[in-house]
Amino acid sequence: GGIPLYMYEGGRQSGSKTLGTYLSQRGETMLSPAVGSLVEDVAAAKPGKASLSLSPSAENDGMVKQEFSPTTQKEDSTEESTASTPPPDHELITEAEHHFKEDQLLAAARLLRKVRDNSLLQDKHIKVLRRAHDCQSFVDSLKSPVDDESEWTKQGENHGRHESVIYYKMEGETGTHLTARVETPIPSTLLVPLLSVLNESELYKTWLPSWERPVRLGVTKSEKLGQAGRVNQVLAVGTASPWPLAEREVIIGAWAFDDIDSCGDIAVRLKGLHTNSTETDVVIPPPEGRAVRADFDGGFLFRKCPEDHPALVIKQDTTLERTDNDGNTDGEQEHVLLASFLMYVDPKISFLPQSVINFVVRTVIGRMWEKFLSVAEDVKDGKRPRHRDAIEEKRECLYDWVDERVEAMFERLNGSSTSSTDDGTVEGGERVDDDVESSVENSREYLSYLQC
């Protein structure tokens, strides 16, 4: 008499069960507070759509714990219900699978959320919904402005070649958990070079800076462990640590997705993985030697730069004159985008001297970000032969597609007739998480999740 749902335990499918059976076997309630004790009344709910509510938790390697919350959406008016007939479920699923194949994760999830018969959702669809919820929360966290009265500390502004703002906070019981947020307005012509620098993970070691004084820090290895599709990969990154600490290691799952057609965004989600992770099909090895595996979470977001962003020098106009490699202008205008980076790191250290913390937040973060931008400038100008060769080798299978999607982003910015809402979605469009009250609340949830 309950609603059949595909439930998961530890990332594995546990079969099709009714909600009441599942909860009684688990001995716990995974419903949201809004639903509370209505488990036995779910089947008798008013006609509507049972939506899938997914919320993150700090289990295992940071995987998102699934919270199935049957909710009844508002009934359409008679006029609306007769105006159009919703597509059949199988068409929604087919279209969603196409969007996912094209790395349009959030668009795929929007369609899957419209499926009325949840029994049609396979394990791969549930995985898409879970990942999309996580990615939407990440995007919302970077779109929320930093309040002057918030717990963030503004490290400062970089007024060099690129105008950047850096925020950070140290938390955790030991005060050694670092969360950092960096934002820089960039010319639109720098977007593809930045994406290529991010994608060529095996070349990270060739350009990321390192230090021997005042403390030993820097990347010692960057190895790709596996690739899934065009833009998803798993990589192992080793970092040197101050004596007498052992080397730190992070295994990062990187998932790129674009939401260009809906709100003009391109994002790369980064999640730390641990041995026996079920987030990927790639086998995650144990740490090498004495290395300690650290926790990592974060990602990148590229979008149109808000006109009131504190790092935007040109306040009245969000376009710049386009220049060639020699710095000559051609009279054409290019848009200003905002490149944002958010990261959380728990280095698994019980104590850090304040001098080391100061060095990291005042020097290391800014220097590494500026280097990332300058390498992209070099790639744009043809001054990085190894990157150039890697791009040409993958031109047909990857970078032609990147160019095509970025061009679609620019066309949208060039003022299509479709107007936009305040949160960046196309007017008449919808978000992945219809049940989230606001992007601010969603970002608070995500940041709290990072600090667990």
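The model is predicted: local features need pLDDT of at least 70, side-chain atom pairs count only at pLDDT 80 or more, and totals for chains, interfaces and linings use all residues. Residues are numbered from 1 along each chain as its sequence is written, and side-chain values use heavy atoms, with hydrogens and water left out.

**Figure 1. Overview of the protein chain.** The chain has 11 helices and 13 strands (DSSP runs numbered from the N terminus; helices are H or I with at least four residues, strands are E with at least two). Of its 452 residues, 51% count as buried (under 20% relative accessible area; exposed is over 50%, and partly exposed lies in between, with a 1.4 Å probe and protein chains only). Among contacts (heavy atoms within 4.5 Å) with a separation of 6 or more, 63% join residues 24 or more positions apart.

**Figure 2. The buried residues of helix 9.** In helix 9 (residues 385-393), H387, A390 and I391 are buried. Seen down the helix axis, these buried residues fall within an arc of 100°, so they line one face of helix 9 (the arc is that of the directions from the axis to the C-beta atoms). They pack against helix 6, helix 8 and helix 10.

**Figure 3. Helix 6 against helix 10.** Helix 6 (residues 191-199) and helix 10 (residues 395-413) pack at an angle of about 140°, with axes 10 Å apart (axes are lines fitted to C-alpha atoms, for helices over the stretch in contact; angles run from 0 to 180 degrees between N-to-C directions). The two helices are therefore oblique to each other (under 35 degrees is roughly parallel, over 145 roughly antiparallel, 65 to 115 roughly perpendicular, and the rest oblique). L191, V192, L195, S196 and N199 of helix 6 make the contact with L398, Y399, V402, D403, V406, M409 and F410 of helix 10. By class, these residues are 9 nonpolar, 2 polar and 1 charged (nonpolar: Ala, Val, Leu, Ile, Met, Phe, Trp, Tyr, Cys and Pro; charged: Asp, Glu, Lys and Arg; polar: the others, Gly among them).

**Figure 4. Helix 6 against helix 8.** Helix 6 and helix 8 (residues 354-380) pack at about 110°, with their axes 8 Å apart. Helix 6 and helix 8 are therefore roughly perpendicular to each other. P193, L194, S196, V197 and L198 of helix 6 meet F372, L373, V375, A376, V379 and K380 of helix 8. This contact has 9 nonpolar, 1 polar and 1 charged residues.
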